[in-house]
Amino acid sequence: MSIADNIAHVRSVITESCKSAGRNPEDVTLIAVSKTKPVSMLKEAYDAGCRDFGENKVQEIMDKYDKLPGDIRWHMIGHLQTNKVKYIIDKVYMIHSVDSTKLADVISKEAVKHGVTMKILLEVNVAGEDSKFGTASDEACKLWEYAAALPGIEVCGLMTVAPYTDDPETNRQYFVVLHDLAVDISRKRKDNDIGIYLSMGMTGDYAVAIEEGASFVRVGTGIFGERNYT
């Protein structure tokens, strides 16, 4: 199957998942996770209608940014080192992986310096995996309050990376926890009429994530095929 065929399939799954959950498919944004993939493949995805692309590394965003159309919305979905923030602050649409006050401080500083407002999501390690980044679930509300008070930052929601699994149903519990956490935070906020975005679900489990309220699904292998790490 071509990249365009893969995207069409993913979009059909999104539509069906929304239908079963009583949601509007327009409320779910597909992020094509293009890490390690060449610009030529991203162009194919772009031609098939994708406008949101996710990268794990700052260097890959830098390498691809000027080679692709300007209406692409770049999402930084990988762990972000504080010393790399300055390189992407005026290039990415959203940073999904903010997990500390230190990183929030640097994003705020660079955003103010560049005259931009950076949309961010707070990464929560819902499953408590030692190998994953992210703040603990019980610290997320404090981190939200801290980051939301900083200039140059718009805190838009939460993100999590669920464990790798062959059975997507096993990850439903983590998506439920992230959704419930968003509800709790929303109740505590003064501007709780504004929805909280949830970035959760990847190739193996995005259908389940949508059923549990995902706003962004991050699909790489399902669009571009297996990644080559050699």
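Tutor: Y197 counts as partly exposed, because its relative accessibility is 41%. On this scale, buried means under 20% relative accessible area, exposed over 50%, and partly exposed in between, with a 1.4 Å probe and protein chains only. The model is predicted: local features need pLDDT of at least 70, side-chain atom pairs count only at pLDDT 80 or more, and totals for chains, interfaces and linings use all residues. Residues are numbered from 1 along each chain as its sequence is written, and side-chain values use heavy atoms, with hydrogens and water left out.

Student: How is a pair of aromatic rings described?

Tutor: By the distance of the centres and the angle of the planes. Rings of Phe, Tyr and Trp (its six-membered ring) pair if their centres lie within 6.5 Å; planes under 30 degrees apart count as stacked, over 60 as edge-to-face and the rest as tilted.

Student: How many aromatic pairs does this rule give?

Tutor: The count is two aromatic pairs. In one of them, the ring centres of F53 and W74 are 6.1 Å apart and the planes stand at 40°, so the pair is tilted. F53 belongs to strand β2 and W74 to strand β3 (residues 73–76), so the pair ties together parts 21 residues apart in sequence. Strands (E, at least two residues) and helices (H or I, at least four) are DSSP runs, numbered from the N terminus.

Student: Are F53 and W74 buried or exposed?

Tutor: Both F53 and W74 are buried. Y197 and F216 also form a tilted aromatic pair, with 5.7 Å from centre to centre and 45° between the planes. This pair links distant parts of the chain, with Y197 in strand β7 (residues 197–199) and F216 in strand β8 (residues 216–219), 19 residues apart.

Student: What is the relative accessible area of F216?

Tutor: For F216 the value is 3%, so this residue is buried. By contrast, K57 is exposed, because its relative accessible area is 57%. K57 sits in the loop between β2 (52–55) and α3 (58–65).

Student: What does the chain look like as a whole?

Tutor: The chain has nine helices and eight strands. Of its 230 residues, 48% count as buried. Along the principal axes, the C-alpha atoms fill a box of roughly 45 × 40 × 35 Å.
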